[in-house]
Protein chains: 2
Amino acid sequence: MAERIRSVIRTQHAPVIRSHACIVSRKEGEGPMGACFDRVEEDPYFGEKTWEQAESRMQADTLQLALEKAQLAPSFLDCIVAGDLINQCTSSTFALRSLNVPFLGVYGACSTMAESLLTASLLVDGGAFRNAAAVTSSHFSTAERQFRFPLSYGGQRTPTSQWTCTASGAVVVSAEGEGARIRGGCIGRIVDYGITDANDMGSAMAPAAADTIFRYLQDTRTVPEDYDMIVTGDLGNIGSSLLLELLHAQGVDISARHHDCGAMMFNEHSQDTHAGGSGCGCAASLLCGHFLPLLERGEIRRILFAATGALLSPMTTQQGESVPGISHLLEIGGNYVD
Amino acid sequence: MAERIRSVIRTQHAPVIRSHACIVSRKEGEGPMGACFDRVEEDPYFGEKTWEQAESRMQADTLQLALEKAQLAPSFLDCIVAGDLINQCTSSTFALRSLNVPFLGVYGACSTMAESLLTASLLVDGGAFRNAAAVTSSHFSTAERQFRFPLSYGGQRTPTSQWTCTASGAVVVSAEGEGARIRGGCIGRIVDYGITDANDMGSAMAPAAADTIFRYLQDTRTVPEDYDMIVTGDLGNIGSSLLLELLHAQGVDISARHHDCGAMMFNEHSQDTHAGGSGCGCAASLLCGHFLPLLERGEIRRILFAATGALLSPMTTQQGESVPGISHLLEIGGNYVD
């Protein structure tokens, strides 16, 4: 049985990441991380007729690729845990409806990769599933028109805004096999510091990341130096500075270990992306394309992966609400026994 | 460790439903089940300024009541698993943000009570949590204006349409204690029979309920007569007939055991609700107000609870897509040892 120490859940059997895949679009492929992705699709429609169908196609292809890499059929999966940013999570449900695999829909905004992977891992660790997949995606054009403006409106972007990545990640987690291993995790709390600028998601999410990372370090009695990397999802440049500041005020310095997927994804100067990348697919694609391979090759041994989400909707902003954030965390280690 | 038999998950420790509560609004209180709810609120705004805030208030009050009944503080909970119908699940996140409790957001449309309770139960059974809550809600006025028309438009309702219940349910599930027990469950698959009428959710969801119930009976080698009741979420009158028909075609007759929360909630003639009730809160409030008390009082010993959801959005309908359904199932027994 998994062990629980206050905020922290330690897995008993350290479920294995048996396979993973990531697909992105052209802009992500042109960024500094472009070489790490499994596929860079030039057509932003992914061969479909609408942006929403494009996102579903990308997500379906990503899971398919993760299964193919390990020569597995969809029927190998006891469950898929998936979600996305789009209203009623239809990018995921329409992507996966033809697979005939049990499905748990989750909503964690841009924290979805961490939420789905942690949920899948804990259910595998507890014996409910032998094999499960965690999947998510985001698409610049579906997110822009739903959360901000139709693309054709040509709205001006504020300096604190982030660029929603067109990207998807899929992870197959199993009770047995070879690969990086889920050592434990921490379910995020909803944290709201009263940020009301819906174009400054980094600032809204940073307090949630600080809360989760601080609780995990405290309850495991570890320090940042115990991890090779402490990875956050999509705080971007502004949110990342704030995270370091918030943790510093609590006596924790993660600056030498911190990597933020949103800050890594684009070249902010040449790609005009302002405060960085964002979206469920941002952290998902870099987890699968960059961080998991580093663990698999033994170049690093242990990371914390804390994706972050902003739990707003256009309607809550219109009603004058502030923006609550959340951050779920996984500790992922290499394929070794402690 | 939980045992898995094909589609079915059997819990190892049979987590206990330690407390539960339900709150509804006036129309639900005036229906045939009106006497079973913990609270019937006359003010559809629940004292708030917007419909969305009203739904959040109702959901927060429902969880609070479930905790109070068992004299528990929110800090007793290791996690809350919650979701709702509203874009980006903000009814739940804004309801629960002040509690400071780890939060897993789920999206299963009207199947959310089953999805959240099954997820919470399996995570308790596997040792990730000692105590968790499963919570959901729906509100007629938030759902109408988001999925259909603004109320003030006065749109005509079709005969197959259902009435979204203003209702909420909350369940506290624990590794220890006294109460009804979660014996097992089945994660739903996404099932799409090509229904394109967004005003006929019962027909869209019935095939998913049939799929889940059939798989559960088959894989547990049980028959409908092994259960006192087989409860579905919100198929309504039309979807219920279709469910019986679909199962009958597979050689399974549940007609003597079947109860549908959507068909039970209103008096279709005097309350003008057409095909019945719907919404996450429909199955949630009747589970907490009616079915769990029957189990606790020993009047029945064993039920299947299969809530159903339609995984559409207004945008997928506009893009000509059909309506996929899903149904998650729990087997809930009394407080006895087999």
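**Close-up views of the predicted two-chain model**

**View 1. Strand S15 of chain A and its partner strands.** Strand S10 (residues 181–186) of chain A and S15(A) run antiparallel and are joined by 5 bridges; strands are DSSP runs of E with at least two residues, helices are runs of H or I with at least four, and both are numbered from the N terminus. Two strands count as paired if DSSP finds at least two bridges between them. In this pairing, Gly185(A) stands opposite Leu330(A) of S15(A). Strand S14 (residues 302–310) of chain A also pairs with S15(A) in the antiparallel sense, over 9 bridges, and Ala307(A) is opposite His328(A) there.

The model is predicted: local features need pLDDT of at least 70 and side-chain atom pairs count only at pLDDT 80 or more, whereas totals for chains, interfaces and linings use all residues. Residues are numbered from 1 along each chain as its sequence is written, and chains are lettered from A and ligands numbered from 1 in the order in which they are written.

**View 2. Burial of S15(A).** Strand S15 (residues 325–333) of chain A has 9 of its 9 residues buried, so it is largely enclosed by the rest of the structure. A residue is buried if 20 or more other C-beta atoms, placed from the backbone, lie within 10 Å of its own. Gly325(A), Ser327(A), Leu329(A), Glu331(A) and Gly333(A) point one way from the strand, and Ile326(A), His328(A), Leu330(A) and Ile332(A) point the other way; all are buried. In a regular strand the side chains alternate between the two faces of the sheet.

**View 3. Domain 1 against domain 2 in chain A.** An automatic or database assignment sets the domain bounds, giving domain 1 (3–174) and domain 2 (181–333) in chain A. Their centres, taken over C-alpha atoms, are separated by 17 Å. Domain 1 of chain A puts 56 residues into the contact and domain 2 of chain A 58 residues, where contact requires C-beta atoms, placed from the backbone, within 7 Å. On the domain 1 side, H4(A) gives the largest share, 7 residues.

**View 4. Chain B against chain A.** A rotation of 180° with 0.0 Å of shift along its axis superposes chain B on chain A (RMSD 0.0 Å), by least squares on the C-alpha atoms of residues with pLDDT of at least 70 in both. That is the relation of a two-fold axis. The same surface serves both copies, as 98% of the contact residues of chain B recur in chain A. The contact takes 51 residues from chain B and 50 residues from chain A.

Conventions. Two residues are in contact if their C-beta atoms, placed from the backbone, lie within 7 Å. A residue is buried if 20 or more other C-beta atoms lie within 10 Å of its own, exposed if 12 or fewer, and partly exposed in between; C-beta atoms are placed from the backbone.
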